[in-house]
Amino acid sequence: MSLWLTLAVNSVALGGLLFLLSAGFSLIFGLMRIPNLMHGSFFMLGAYLGVTFLDRGVNFWLAALGAGLLTGLVGGLIERFLLRRLEGQVLPQVLLTLGFAFIIGDVCLMVWTGDPWQPATPAQLQGAVQVAGLFFPLYRLVILAVAVVVAIALWVMVDWTRLGAMIRAGVDDPPIARVVGIKVSQLFTLVFALGAALAAFAGVMGAPYLSVYPGLDFEMLPLALIVVILGGTGSLLGALVGSFLIGFLYNFGQAMVPDLAYVILFLPMLLVLVLRPQGLFGKVGA
Amino acid sequence: MPRPSRRAFVAGTAAGAAAAAFGMPAIAQNAPFKIGLLTVKTGPLAQGGIQMEQGIVTLLKQRNNTFAGRKVELISADTGGNPAGAKTKASELIERDRVDVVLGPLAAFEMLAINDYIRQQGTPVMSLAGAEDITQRLANPWVMRGSASSAQCCHALGDYAAKELKYKRAATISEDFAFGYEQMSGFQRVFEEEGGKVVKKLWPPMITPDYTPYIAQFGNVDCVVNGFAGSNPVKFMRSYADLGMKRIPLLAGWTAMDDALLKSLGDEAVGVVSAAWYSASLDNPVNKQFVADMAKDYNVIPGGYSAGMYVAGQVVEAALAKTGGKADDKKALNEALRGVSLTETPRGPVKFDAYGNVVGDVQIRRCERKGGQLVNTIIKTYSDVSQFWTYGDKAFLANPVYARDYPPAKNLE
């Protein structure tokens, strides 16, 4: 009984982290049709920047925001000066983003060495919540809470603001959006930077329990991919549902049939691709 | 690789022809002795690979780049931590750079990838990788191991857990690959023969972002044994502590509590008991100098990866002293290497069995916090531990190699 409860709570917490990671990925892919293979690298870069700030005694939340801003800047620059030249060319985009993923990976290795870094959980968020004789780390619940706040903020932005309306217009039909005077290219840079910043923020949030080490980038990238393929690109609701689905599949799959854990993780993605290629809530046709 | 210009090529050929005319042997004798280091400097395994290089560089610096009166040149190659890269770099080192001896590689799958090639080429290799059969059922006459076979330390850990800690029920957890199986099977065999029971064996994939689903399954046991490597132990131990599991003692193999990893760990590591063939706190003069030099040059506490290459370098040095600095006859060099027995290395006395694997001390350590720093304090030393533990080579080799389900776990619940 306690096993199932632990797994359930943990599934929701992992889902929260996955949402922070993949919301940006979903927006970038939905709006710009760019398969951004450096999304995992943004996550890792953010995590490394975050632990560096923490090491200097910066407050945890400031460190997370700072890492998000810096990584967002990096993402914005890459979009503005490089990706923009490749608009509509999928293969060159794949090559460029994959190339940058390798570059970021090696630069991180040079700067932060190969040693794993694991920042301490922020003091006020340490400890465990005890429910019915069952320990559960408080910090994971905090991640969930943060994910919920971010989800609401993004939803308000996309559904209720002028900026959101422009993004939605861009997702639905870029040429028409241009015709009615939306500066789609500026929007691209903004969304790309936002996606990178969210990934980096997720990296810092995840650092106290995932730790940061070389290779983290390519561990997170597939998770972001399956979440977005499952949920559908360009849809925040899709990213949210996909994240929690994967959170549950991951936890229960590994506990119940560890030998098939990866099959269970990827099988729903396969089914969705076959039966509903645009994803559960996707807006972009395949 | 830059292409040599035509002029350089012509000049080089002319010089070569001239050298041939005036007799090469004299030049060969003055040429440096070449050590090729197969290591990993990029990708997820880079942490251990960089430490390997630091270890051998520290030895060379101490010896002023001279072994037995002969200049030594170190050529480092980055395999990228994958089998194909290991193969390419091994042939680059051996055929292009013409190294006299190869140190490394790091990972078992890299060693397996180059095993046949080394057999054909006949260049001595001092491996760090643990794969049991490399020095057992598939022993390669050119491959030696100065670190430890996968199970070498875990045999001792099983003995200590059963006899001294008096644990009865254990759960094991390690990555789902050969190094994990071999470590945990070694522990299980000795632990169960001495009255313990392994009631749960878990094998998370090598890439596991979150260990909580596994940790939640341990149930009612006296201890949990982990054989993680790389950055995984850091993640695992933090999750273990976060879930309030510290009431169940944690045991660890050498990679999971390597001294070089201590700086990445926090309070979750305090109290963990581990078995390792090297410990930075070992009290001998060579080790003190080694630890001091590593601290000075790299600001690190050395662990097994660095010490392994330092010891491997010492073995090469001792072999060169025996051959009088000559390395032209690879067979003679190889025989000299296998006959080396040293009393003063950072890990203590070292000799080799007939299969090329090291016989040396295994330390049982308990992690403590001393003056703010985490330290693995030695609580017991098993002397002259062989890869065959106390079974003897014949009896040991009659069994299949340790695997996921060998020896079979009869007490699983």
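Predicted model: local features only at pLDDT ≥ 70, side-chain atom pairs only at ≥ 80, totals over all residues.
1. The geometry of the pair is as follows. Helix α1 of chain A covers residues 2-32 and helix α8 of chain A residues 184-210. Their axes come within 8 Å and cross at roughly 165 degrees. Angles over 145 degrees count as roughly antiparallel, and α1(A) and α8(A) are therefore roughly antiparallel to each other. The crossing of α1(A) past α8(A) is left-handed.

2. Between the chains, 30 residues of chain A are in contact with 27 residues of chain B. On the chain A side, two or more residues come from each of α1, α4 (90-112), β2 (134-137), α8, α10 (236-256) and α11 (261-275). Both helices of the pair described above, α1 and α8 of chain A, are in that list. Helix α1(A) gives the most, with 5 residues. By class, the side of chain A that touches chain B has 18 nonpolar, 9 polar and 3 charged residues.

3. Chain B has 13 helices and 15 strands. Its C-alpha trace spans about 80 × 45 × 40 Å along the principal axes. For 413 residues a compact globule would have a radius of gyration near 22 Å, and the 22 Å of chain B agrees with this.

4. Chain B is divided into domain 1 (33-148 + 283-359) and domain 2 (152-282 + 360-398). The C-alpha centres of domain 1 and domain 2 of chain B lie 25 Å apart.

5. At the boundary between these domains, 34 residues of domain 1 of chain B are in contact with 26 residues of domain 2 of chain B. On the domain 1 side, α3 (46-62), α10 (285-298), α11 (304-323) and β14 (358-370) of chain B each supply at least two residues. Helix α11(B) provides the largest share of that side, 4 residues. By class, the side of domain 1 of chain B that touches domain 2 of chain B has 16 nonpolar, 13 polar and 5 charged residues.

Terms used: Residues numbered from 1 in each chain as written. Chains lettered and ligands numbered in written order. Axes fitted to C-alpha atoms, helices over the stretch in contact; angles between N-to-C directions. Parallel < 35°, antiparallel > 145°, perpendicular 65-115°, else oblique. Left-handed = near helix turned anticlockwise from the far one by under 90°. Contact = placed C-beta atoms within 7 Å. Nonpolar A, V, L, I, M, F, W, Y, C, P; charged D, E, K, R; others polar. Domains from an automatic or database assignment. Rg over C-alpha atoms; globule rule 2.2 N^0.38 Å.
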